[in-house]
Every structure is written in structure tokens, then in C-alpha cells.
Amino acid sequence: MLHVNENYSKIQASYLFTEIAHRVAAHQSANPDAKIIRLGIGDVTEPLCDAVVKAMHKAVDDEATRKDFHGYGPEQGYAFLREKAAKVDFQDRGIDIAADEIFVSDGAKCDCGNIQELFGNDVKIAVGDPVYPVYVDTNVMAGRTGANDGGRYSGLVYLTCDASNGFVPGPELAEGADIVYLCYPNNPTGAVATKEQLQKWVDWANANKSLILFDAAYEAFIRTPGIPHSIYECEGARSCAIEFRSYSKTAGFTGVRCGYTVVPKGLVAYAKDGSPVELRPMWTRRQTTKFNGASYITQRGAEAIYSPEGQAQTKATIDFYLENGRLMKEALSALGYDVTGGGNSPYLWVNVKGDSWEFFDKLLKKANVVTTPGAGFGRAGEGYIRISSFNSRENVLEAVERLRNVL
Ligand code: MLT
């Protein structure tokens, strides 16, 4: 008999953002004239910058000639992109990461899920609560958890992120964990971790032979000097951390799809007999077997982000989104709400002092504004909503006006 992967029956029927999309679609169809403003899923709204567009046009022209045509690319990514990423994202900041430790992909979400193929099914996973659902759901699908009981899966270690720890939990909560997912600037809370806080995690991981999976998808939003952009800014991180980078929010690539994963040389996990096994060759093997690379056109576009024009233009767009966040944070604070995030992140995490799905429904139905209910990110997200800063200024100002009227 053909059996299904029963682990799928443990996860919620639909992915958080799919559930929200269904509710929004139902509201729109019942109110066809409603002008809905979407501040839910963190999807960019501003067009690709000029430097990227020009590079992609040029790449299309390359593909139109026999001389410059590209078929299958290297599965790890083209050297032209890996070298720029290594230099600008790491070496220019004094961080020791080489081009051959960078693996280009079609985005951080896929890599966050795929990376766990390298590890045994019995490893103990720690995740934040609230958390980006991908870290949890992919491990549930792989069978690393028991059932969901009251919003938490048995078998997972949950690191509660709340106001009492400034939304940055420490390693004292991660006892027994082999792998911990950390994400800073954080999705969903928008919190950032200091170097001292991250160093504690690195020291803990090295002492316990554990691994940090560090999601740095939002690093380009950091504006406060001294806040780490990479886990590798911490001493000893090369021997205990893998880092995910994304061009989605950095350069408006949510639809283009490109990111990369850093797997340092010498980083190991252990075989059953205790012998160390290097992860970088394993990831190389996994990618060469199951992935054919991001397209040449896409990677030429990503390369252009690192040109002086690309750096200035992408920074201007991120500054624009950060200003959206500032305007909304100011308005919500004036209305008496405690708001975390913004400033170094595109997300605002708002304490709504009540049920988060009810608050979500109220804003949707009364203000035609879509947010994300905190409970969708985990039990500790109850009582909060997440607001994304990705939208036009016109819509953000309109949303602020509507929130003032409804709240
Ligand atoms: C979010 O809204 O949390 C993100 O856009 C989801 C993602 O990056 O996959």
C-alpha cells in the first residue's frame, strides 16, 4: 500500500501566510470595493533598482548570443557572485569568509528547509517562540517532532522571546539542543541582538558541539552601529554556525529569487561513532545532486547589488521602508500601543493587549488593513500582531489614518 508521510498530519492544514491570504480573499470578495492595504506578509513593493535592472537586461542580451550564452551554471553559484558576496558582505567588514564557502541558491527559505537533510533525525532542535514558521514546519515534516499540543510540538525546545528578555532569549533556555535557529534582525519581532548576546550563543554552541543556523535575511536593515550583520562577527562562529543570506528584502528579490548560504570550511557534525564529519562537502554534494543553481540572469542581477550604484540604490530603498516603519511606529505608540522592532528591521511587533486573530480580523474588517496575527508565529506570539513596513508611502499614510480611526 502507498503510505503518505504521516508527519504532514501533525502540521497546521495551511501555511500561515496562505491562511491569511484566504481570509483576505474572502473579505475582498464580500466587499469588492474595499481598498485593502497589505501589511501582512513581508513582500516588497518597490521595483528593482536601476543597477540590477541594467545588469539583468545585459544578461538577457548575453543569453541571446552563441558566444555569451550560458547553459547549466555551477550548482554552487557563479564565481562572479560568490566573490563579490564574500568581499562586500564579509571581508570588507573584517570577517573571515571565502568565496568557496558561499553557496548561491534561489532563496533563504529553501535553504533553511533543505539544510536539515544533513542531520540525523534524532537531533534536538531549538526554535524561538514566536518564530518564522519555516524552521518549525520543515522539521515537523521531517519527523523530528511529536504531536502539536496547544500550539507547541513535543520534542522541540522552545526559546520564549518576550518583553522580559527583550525578545532575545539566551542559551540558558536551549539545554539539550543540538541545533538552534537564530534570526536577527528577527522575524517576526523585529528585535536585534547585540554582539555580546550572539557571542554567548556561539560560546554555548562550541562548548556543547551544537550548531547555530543563523538567518541573516534582514541584516541590510541594520542601522545601529555595532549591531552584528553576521554571526561570523563573533569569535569562534566559524566552527559552530551556518548563515543564510537573502536578496529578497535586501534588494527586492522576493519574486526574482536569489540568496546564499555560508558553510565554513572545517565546520563539522558527528557520526554515530563520534567521529567528525565536515558539513561543507556534504552541502556541496546535496546541492550538486538536487539543485541546478539560480539562473545566470538572476545571478548577474544579484552581482549588481554589490556595485557602488547598487549599494547606494538598495540602501535608499531600505531607508524608504524603514521610514514607513518609523511613521507607523510613531502613530501606534501615540495611540498607546507598545511597539518593538522597526529602526533596524522592516517589522513592527505590536502588543495588542488581547487575542491576536481577533485583532487581525478587526483591522481587516474595519480598516481594510492586513497584518499578521502573532499567534500564527507561535504560542508566545499571542497578544501581538506583526506589521510589515513593505508598502508605498501613500498606502502607509493611508493605513496610519485608518488605524487612528479604528483604534
Ligand atoms: C514573512 O512575511 O515572514 C516573510 O516574507 C516570509 C518569507 O520571507 O518567506
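Reply: Start with the spacing. The centres of domain 1 and domain 2, taken over C-alpha atoms, are 24 Å apart. This is a predicted model, so every value here is computed from predicted coordinates. The domain assignment gives domain 1 two segments, 6–47 and 309–406. Domain 2 covers 53–307.

Now the contact itself. On the domain 1 side, 36 residues are in contact with domain 2. On the domain 2 side, 47 residues take part. Between them the two domains bury about 3,300 Å². Carbon and sulfur atoms account for 58% of that area. Within domain 1, the residues that lose the most area to domain 2 are Lys10, Asn344 and Arg379. Together these three make up 20% of what the domain 1 side buries.

Next, the polar side of the contact. The count between the two domains is one salt bridge. Asp319 and Arg223 form a salt bridge, with 2.9 Å between the closest N and O atoms. Between domain 1 and domain 2 there are also 18 residue pairs in polar contact, with both residues at pLDDT 80 or more.

Which elements of domain 1 give two or more residues to the side that touches domain 2? They are helix 10 (308–334), strand 13 (338–341), strand 14 (347–351) and strand 17 (384–388). Helix 10 gives the most, with nine residues. By type, the domain 1 side that touches domain 2 divides into 15 nonpolar, 14 polar and seven charged residues.

Look at strand 13 and strand 14 in detail. They pair in the antiparallel sense over four bridges. Asp338 has Asn351 of strand 14 as its bridge partner. Gly341 has Leu348 of strand 14 as its bridge partner. The hairpin of strand 13 and strand 14 has five residues between the strands. In that hairpin, Gly342 takes a positive phi near 70°.

Now step back to salt bridges across the whole structure. A search finds 25 of them. One to inspect joins the side chains of Asp50 and Lys54, at 2.8 Å from N to O. Why do these two residues sit about one helical turn apart? Asp50 and Lys54 are separated by about one helical turn because they are four residues apart in helix 2 (residues 50–63).

Finally, some backbone details beyond the contact. The peptide bond from Tyr184 to Pro185 is cis, with omega near -10°. Pro185 is in the loop between strand 7 (179–183) and helix 6 (195–208). A cis peptide bond also joins Asn187 and Pro188, with omega about 20°. Pro188 lies in the loop between strand 7 and helix 6 as well. Lys209 comes next on the list. Its phi is near 55°, a positive value in a residue other than glycine. Lys209 is found in the loop between helix 6 and strand 8 (211–215).

To check this on screen, begin with Asp319 and Arg223, the pair that forms a salt bridge. Then turn to helix 10, which gives nine residues to the side of domain 1 that touches domain 2. Finish at Gly342 in the hairpin of strand 13 and strand 14.

Note on methods:
Residues numbered from 1 in each chain as written. Heavy atoms only, no water. Domains from an automatic or database assignment. Contact = heavy atoms within 4.5 Å. Buried area = accessible area lost by both parts, 1.4 Å probe. Salt bridge = Lys/Arg side-chain N within 4 Å of Asp/Glu carboxyl O. Polar contact = N/O pair within 3.5 Å; in protein donor to acceptor, adjacent residues only side chain to side chain. Nonpolar A, V, L, I, M, F, W, Y, C, P; charged D, E, K, R; others polar. Pairing = 2+ DSSP bridges.
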